[in-house]
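Here is a short briefing on one protein chain.

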Amino acid sequence: TIEDADGDKVTETVNFSVDGDSTPAVTFVNDAVVDEDQLTPDGNNDAVAADFDRAETAQPGTIRVNTGLDDLSKVELQLGDTTDPLTSLTTLDGSPVNFTWIPTLGAAGALVGHTGAAPATLDAANVVVVVELGTYNSGAGSTGPQDIGYTVTLKQPITHAQNSNEAEFDPFFHVQVVVTDLASDGTDVDT
């Protein structure tokens, strides 16, 4: 109700709408394919039949996230679908490869495939493969979509299931992208 100086009153209804909380989403991820050719001393340098000559030992990619109206808190990588061949991923000497998310390594954290204990650095001798996140905006003002770079780097050769030859996507593993906004909503997507 509004009243003017001489006492006239008018009453009107004003409606306000409040947008609801938004859930973060991963809207795009491209696959990365790495190749053992450049590894020393065990890379095959394209000299073996059935060589898969498409990629280097390190490949970049992009993850597109959207936090809607909420600010981004963090992005983490985890092991994805454990029913895929990852469960049998081994080095050439038969050592199983374990994966650990280490938020303090790399530009903005890294999912590190390693033998034995989790490494202290990305250059440790037991590191087999690294999926490293690039920097991204988080905190106040980081609403909406943004692209986050990542790099997959193969550090050691791995055992192949098909006649010990390279074969596209053999072996492969899925990485789960976990996005959390400042409202503590979270989402994850297997890629």
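In this predicted model, a polar atom of the T67 side chain lies 2.6 Å from the backbone oxygen of D70. That is a polar contact (N or O atoms within 3.5 Å; within protein, one must be able to donate a hydrogen and the other to accept it, and residues adjacent in sequence count only if both atoms are side-chain atoms). T67 sits in the loop between strand 4 and strand 5.

**Around T67 and D181**
- T67 is buried, at a relative accessible area of 1%. Buried means under 20% relative accessible area, exposed over 50%, and partly exposed in between (1.4 Å probe, protein chains only).
- Beyond four places in sequence, T67 contacts S22, P24, L72, S142, T143, G144, V179 and D181. Contact means heavy atoms within 4.5 Å.
- D181 belongs to strand 10, and D181 is also buried, with a relative accessible area of 1%.
- D181 touches S22, P24, T67, D70, D71, L72 and S73, leaving out residues up to four places away.
- D181 and N66 are 115 residues apart in sequence, and their C-alpha atoms are 9.6 Å apart.

**Basis of the model**
- Residues are numbered from 1 along each chain as its sequence is written, and side-chain values use heavy atoms, without hydrogens or water.
- Local features need pLDDT of at least 70 and side-chain atom pairs pLDDT 80 or more, while totals for chains, interfaces and linings use all residues.
- The mean pLDDT (the predictor's confidence in each residue, from 0 to 100) is 80 for the chain, and 73% of residues reach 70 or more.
- Where pLDDT is low, the predicted coordinates should not be read in detail.

**Fold and surface**
- The chain has eleven strands and zero helices. Both are DSSP runs, numbered from the N terminus: helices are H or I, at least four residues, and strands are E, at least two.
- Of its 191 residues, 39% count as buried.
- Among contacts with a separation of 6 or more, 61% join residues 24 or more positions apart.
- The accessible surface is about 10600 Å², with 48% belonging to carbon and sulfur atoms. Areas come from the Shrake-Rupley method with a 1.4 Å probe; for residues, only the protein chains shown count as cover.

**Nonpolar cores**
- The largest nonpolar core has 25 residues, and I63, L77 and L133 have the most contacts inside it. Such a core is a set of buried Ala, Val, Leu, Ile, Met, Phe, Trp, Tyr and Cys residues joined through side-chain atoms within 4.5 Å.
- Strands 4, 5, 6, 8, 9 and 10 each give two or more residues to this core.
- Another core of seven residues lies apart from it, including I102, A110, V112 and L122.

**Salt bridges**
- There are three salt bridges. The rule is a side-chain nitrogen of Lys or Arg within 4 Å of a carboxyl oxygen of Asp or Glu.
- R64 and D147 pair at 2.6 Å, N to O. R64 lies in strand 4 and D147 in strand 9, so the pair ties together parts 83 residues apart in sequence.
- R64 is partly exposed at 32% relative accessibility, and D147 is partly exposed at 43%.
- E76 and K74 meet at 3.9 Å, N to O.
- D123 and K155 pair at 3.2 Å between the closest N and O atoms. D123 is exposed at 66% relative accessibility, whereas K155 is partly exposed at 33%.
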